[in-house]
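The sequence and structure are shown first.

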Amino acid sequence: VPTVTLRAVVPFVTIAAGLAAWAVRTPAQPPEPIPAPKSAQSAGRIVGVGGCAAAACHNAPKSAGTAGTEYAVWVHDPHATAAGNRQGKGYRDVLARVEHLGYTEEASCLKCHATPTPDGAPLDRDVLGDGIGCEACHGPADKWRTEHYKDSWKSLDPKRKEAEYGFFPTKDLGRRIEKCAECHVGSPDKDVNHDLIAAGHPRLTFEYSAYHELLPRHWRDKKSEAEGWEKADARRMDSKFGPDFEAKAWLLGQAVTAQAAVKLTEARMQSAGRPSHPWPEFTEVGCFACHHDLKPKQADDPGSTWRQTSRYDGLKPGALPWGTWARPMPETLSRVATDLGPGDNPFADVATMTKPDAGQAAAALGKLAGWRGRCAEASFSEAGVRKLLAALAADGARHPPRDWDDAAQQYLALAALYQSLTDFAPGEATPVRRQLFDGLRRVVAFTADDQRRYDSPTGFTPEAFRKALVPFAAEFRTPEAP
Amino acid sequence: MRVTPIRVVAAGLLALWAASTAPTQPPADTKPEDVKKLQNIGADTCRRCHRAPQPEDEKDKITDFLRLDEFAVWQQHDLHAKAFDVLSGPLGKQMGERLGWGDVSKRVECLACHAVNLSQELSPGVPRPATTTEVFHTKDGVGCEACHGVADKWFRPHIDKSWRTVTPEEKLTKYGERDVRDPEARAERCAACHVGNSAEGKFVNHAMFAAGHPPLPPLETMTFSRDQPMHFIPPEKNKYIGGLSDEDARKLFHYRKGESSSARQVAVGAAVGFREAMRTLAYEAEKAGGGVPDFALFDCAACHHDLVSPSWRQDGRGTPGRPLPRTGPTALLRAVSGNGGGFDEKYAGLVKACDARPFGDPAVLAAAARELAAWSDGLAKRLADARYDDAATAKLLRDIADAARRKDGRGLDYDNAQQLLWAFTALRDDGPPSAAADELAKLAGPGKNKLLLDRLGGTGERKLIAGEVLEDRLRRVSRYRPDELRTAFDRIAAALK
C-alpha cells in the first residue's frame with residue numbers, strides 16, 4: 001500500500017524524529033523537581049509487563065496480529081526496546097555530559113525511558129528492565145489487573161475506570177494524544193530541555209498522526225485489519241473512525257501538541273531562573289534559527305542569506321522565533337481554513353516574549369482549549385479532506401515556508417490528508433502523486449554519510465520547498481480551493 | 001607648508017595654557033558647537049605635507065624619520081579611507097533596511113567605527129560614546145585622527161622638528177596626540193573597532209551581524225599595521241631613531257636597539273586585544289542587568305553550526321549548550337604569556353560563569369571578565385618591558401608553532417589558526433631567509449592545498465573591503481580543518497630546528 005510506505009518515511013524526514021524520538025525518548029527533569037500537575041492517573045502501583053504477558057491473556061501462543069497477542073506485538077515496539085537503549089552509548093553519553101549540572105537518570109530520564117510511576121517513586125529493577133511498558137499508557141494496573149477481564153468491566157463507564165481504577169482512557173483520541181505528548185512534546189516533569197539536547201538527546205518533533213501510523217498495532221483498527229487482524233470490535237474506539245481518521249488525528253494532534261507545548265512553556269517560565277530551570281530555554285525557539293553553518297551565497301545557492309529577511313512578523317534580525325514546531329500549522333489553518341484553525345492567534349503573545357512571563361502563556365492556553373474542543377468535534381467528508389489538502393498545497397505553493405520546521409509540518413499535514421483521501425477512495429493513490437511526495441520529501445530530508453548523522457537540514461531553502469509544492473498544488477487542485 | 005619655530009612655540013604655549021586650564025575630567029559629552037570650533041582637522045590638512053616627499057626633504061633627512069607620503073598611502077591603499085563610504089554601499093543599505101534604521105550613515109552605532117568621533121578623540125583614553133551624529137568627522141572615514149588623536153592642539157607644534165623631542169606622555173596629555181609607536185597604545189586603538197569598545201560606543205551587536213555586518217576577523221596588530229599598508233618607517237629601518245641614544249630611542253619611540261619591534265607588537269597586541277574583548281564583555285554584561293547579554297558577545301560558532309551526530313563539540317571544554325564568550329583567539333595570548341601565568345585559573349572563572357546558565361549569569365560573568373581584563377592589562381605592561389632580542393624572538397616563534405600543534409585532541413578554531421599564522425608570518429618575514437620561511441610561504445598563501453586561511457583585504461592587487469571578502473571567508477571557515485594547521489606547523493617546527 002503506497003500510502004503506508006509514504007508515512008513510514010516520515011520519521012526519517014523529520015529530523016530522524018520518529019526513530020530518534022522513539023529510540024531515545026528522554027525526558028529530562030532537572031534536579032530540583034517542580035511541582036507536578038495533578039496527574040491524570042490516579043495513584044497506583046506499576047506491576048510490570050509480566051503481569052500482562054500470561055499466555056491466557058496478552059501473550060497468546062498464536063501468530064502475532066490477533067487478539068491476545070498484544071504483548072508479542074509490543075515486544076517489537078520501540079517503547080519496548082527503550083530498556084535496551086538505556087545501556088547504549090548514546091544514552092549514557094547524554095547523561096554523563098549533564099550529570100555535573102545536577103541531572104540524574106532517575107529525575108531526568110526514567111520518567112520517559114521507563115514506565116513512569118504515578119508518585120515518582122523508583123521502579124523495581126525487574127520492571128525497569130521492561131522498558132516503556134503497558135502501564136505507561138494504560139495506567140498503573142495494580143487496581144484493574146484483576147478486574148479488566150471480567151464481563152462487568154466492559155460495561156463500566158470509562159470515567160470510573162480512570163478515577164477508581166487508574167485505567168487510562170486511551171480510546172479517547174484527545175486524551176491518548178495527550179498521553180503521547182507527555183513524553184514526545186514534554187510536560188513539566190518530563191522536560192527535554194536544551195541542556196539535554198546539547199548533550200546529544202534528539203530534538204522532539206512530535207506529529208501525532210505520523211507517530212501513530214508507525215506504531216506496530218497491538219489494537220484493532222483499520223490498519224491492523226488490513227494487516228490481518230480480525231474485524232474490529234464495535235466497542236473499540238478506533239472503529240468509530242472511518243476513513244477520516246488520519247485527517248482527524250492530524251488536526252486534533254496539532255491542537256493537543258500546541259497545548260502541550262504552551263503548557264511546557266508556562267511551567268518553564270514559572271520556574272525560570274532556578275538552577276533546575278535554566279533560562280533562556282532555547283528549546284522554546286527554533287533550532288535552526290541559530291544552528292546553521294554561516295554559509296556564503298553562491299551562484300545557485302543562497303547559502304545562509306535567506307535567513308536574513310525576517311519570516312516572522314515583527315522579529316528583528318538576530319532575534320529568535322518562538323515555537324517554530326508548534327506554531328506553523330495552527331497559524332496556516334487560521335489563514336486558509338478558518339473553520340478548522342484556532343482563529344485569533346493564540347501564539348501572538350507567547351511569540352513576542354523575551355522574558356519569562358507565565359501569564360502570557362496562560363492566556364494562550366485559554367485560547368487553545370477552545371480550539372481543541374472544536375477539533376475534537378470536527379469530522380471530515382471525502383470532499384472536506386480533498387478541500388483541505390488542496391488549500392494547504394495551494395497556500396504552500398504561494399508562500400515559502402518560514403523555516404524548515406514549517407516545511408516539515410506542511411509535509412506531514414499533506415501526507416496525513418493524502419492518506420485519509422486514499423482511505424476514502426483507494427483510486428486516489430497514484431504513482432504520480434507518490435512521486436510528488438518523494439520530491440517534497442527530498443527537500444526536507446536531512447543528509448547523512450557513513451560517519452555522521454546530520455541533524456540539520458543542510459541543503460534546505462524555503463524557496464525550494466515552495467517550488468516543489470507548485471506541481472503538487474496543481475495535482476490536488478479542486479474547484480473549491482483553486 | 002612649513003611653520004617657523006616661533007609660531008610653533010607660540011602655539012605650544014597656547015596649548016599648554018589651554019591644557020592647564022582644562023578640567024581634569026572631560027565633560028560627559030562634547031557639544032556639537034565645541035566640535036565645530038576645532039581647527040586644522042581632517043585628512044586634507046595632513047595632505048598638505050604628507051602627500052609626497054620632495055627632493056629637499058630627502059636632502060634635509062626628513063625622510064630618514066618619516067615617509068611623507070602617509071596621506072597618499074592611506075588614501076590610495078588603506079581601507080580605512082573607505083570606512084564611511086561603505087555605509088552608503090549595498091551592504092550598508094541592506095543593513096539599514098533589515099534593522100529598520102534607514103540611512104546607516106546617520107546612526108551613531110555605525111559612525112562610532114566608520115568615522116572619527118571627535119568628542120572621543122579630544123580626550124584620548126577617556127572613553128565616551130557619542131550621542132549625536134554631529135560630533136563625527138565623516139569626510140575621511142577612519143582618517144588620520146582616528147588613531148593619532150584630534151589635531152586641533154598638536155597640528156601646529158608637530159610640524160617642527162623639535163616635536164620629536166617631546167615625550168609621548170606630554171604629547172598625549174597636553175596636545176591630545178596619541179603615541180601609536182607605543183605598541184600598547186597602537187593595539188588599544190586597533191582593538192577599539194576591530195575587537196570592540198563598548199565604553200566608546202563601538203560594539204557590533206548580534207542584530208547588526210544578523211542584518212549582514214561581516215564578522216570581525218581576529219586582531220593581530222602587527223599584521224594589521226603591516227597590511228594597512230604600513231605608512232611609517234619601522235624603528236629597525238628608521239635612520240633617525242637609529243641615530244638616537246639608547247635611552248632616547250626608548251623614551252621617545254619605545255624602541256630598544258637590537259630588538260624586534262614586530263615581536264613586541266605581536267606580543268603586546270595579543271594581550272591588549274584580549275583585554276579589550278574582556279572589557280567590552282564586562283561592560284555589556286553589566287548593561288544586560290539580569291537579562292541575557294547580547295549574543296554577539298559569545299562564540300558565534302557555539303550556536304552557528306549545522307547539527308551533526310556524533311559531534312566533537314559535545315566533548316569539548318565547558319558544558320554542552322552553554323556557549324562561551326567570544327573572547328577572541330586565546331592560543332596566541334597563551335603563547336606570548338609563556339603558556340600560562342595564571343591565565344587558566346582566571347579563564348576557568350569565566351567558563352564557570354557561563355556554565356551557570358545559558359549565556360551566563362551577567363553579574364558573575366562581568367566580574368570574571370574584569371579579572372581577565374586586569375590580568376591581560378598586567379601582561380601587556382610586562383611584555384612592553386620585555387626584551388625581544390634574537391633569542392627571545394626565536395623562542396616566541398617556537399612557542400607560536402607549538403601553540404598551532406597542540407596535541408590535546410582539541411583542534412584550534414579558524415580564528416585562532418588565523419591569528420597564529422598571521423603572528424608567525426609577521427615575525428618570520430622580519431627574519432633572514434630560512435627553510436621555515438619557505439615552508440610558511442608554501443602554506444600561508446591562497447590556492448588549493450594551502451592552509452585555507454585568508455589574508456586581510458584579499459590577495460589581489462586591489463584590497464577588498466570586508467563585505468567583498470565575506471563569502472570567501474565564510475567558505476574558508478567552513479572548509480578549514482584543524483588537522484591541516486597542525487600538520488603544517490609540524491613541518492614548520494621541524495624546519496625551525
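## Interface and salt bridges

In this predicted model, 9 residue pairs are in polar contact across the interface of chain A and chain B, both residues of each pair being at pLDDT 80 or more. The elements of chain A that give two or more residues to the side touching chain B are α14 (194-198), α18 (287-290) and β1 (453-454). Of these, α14(A) supplies the largest share, 4 residues. The count of salt bridges between the two chains is 1: A:Asp195 pairs with B:Arg322, with the closest N and O atoms 2.3 Å apart.

The contact draws 36 residues from chain A and 33 residues from chain B. Together the chains bury about 3,100 Å², with 57% of that area on carbon and sulfur atoms. Within chain A, the residues that lose the most area to chain B are A:Arg97, A:Gln308 and A:Pro317, which together account for 19% of what that side buries.

Over all chains, the count comes to 57 salt bridges. Side chains of opposite charge can pair when their charged atoms come close.

| Salt bridge | N to O distance |
|---|---|
| B:Glu259 and B:Arg264 | 2.9 Å |
| B:Glu276 and B:Arg279 | 3.2 Å |
| B:Arg370 and B:Glu286 | 3.1 Å |

The surroundings of these residues can be described pair by pair. B:Glu259 is buried, at a relative accessible area of 4%, and B:Arg264 is also buried, at 3%. B:Glu276 and B:Arg279 lie 3 residues apart in helix α16 (residues 261-287) of chain B, so about one helical turn separates them. B:Glu276 counts as buried at 3% relative accessibility, whereas B:Arg279 counts as partly exposed at 34%. B:Glu276 and B:Arg279 also belong to a network of salt bridges that links them with B:Glu184, B:Arg275, B:Asp377 and B:Lys381.

The salt bridge between B:Arg370 and B:Glu286 joins helix α20 (residues 362-385) to helix α16 of chain B, and therefore ties together parts that are 84 residues apart in sequence. B:Arg370 is partly exposed, with a relative accessible area of 38%, and B:Glu286 is partly exposed as well, with 46%.

## Helix α25 of chain B

The buried residues of α25(B) include B:Leu485, B:Arg486, B:Ala488, B:Phe489, B:Ile492 and B:Ala493. These residues cover an arc of only 165° around the axis, and therefore lie on the same side of α25(B). On the other side, B:Asp483 and B:Ala494 are exposed. At 1.5 Å a residue, the 15 residues of this helix (residues 482-496) should span 21 Å, which agrees with the 21 Å between its end C-alpha atoms.

Note on methods
Residues numbered from 1 in each chain as written. Chains lettered and ligands numbered in written order. Predicted model: local features only at pLDDT ≥ 70, side-chain atom pairs only at ≥ 80, totals over all residues. Heavy atoms only, no water. Expected span 1.5 Å × (residues − 1). Buried < 20%, exposed > 50% of the residue type's maximum accessible area, 1.4 Å probe, protein only. Arc of directions from axis to C-beta. Contact = heavy atoms within 4.5 Å. Buried area = accessible area lost by both parts, 1.4 Å probe. Salt bridge = Lys/Arg side-chain N within 4 Å of Asp/Glu carboxyl O. Polar contact = N/O pair within 3.5 Å; in protein donor to acceptor, adjacent residues only side chain to side chain.
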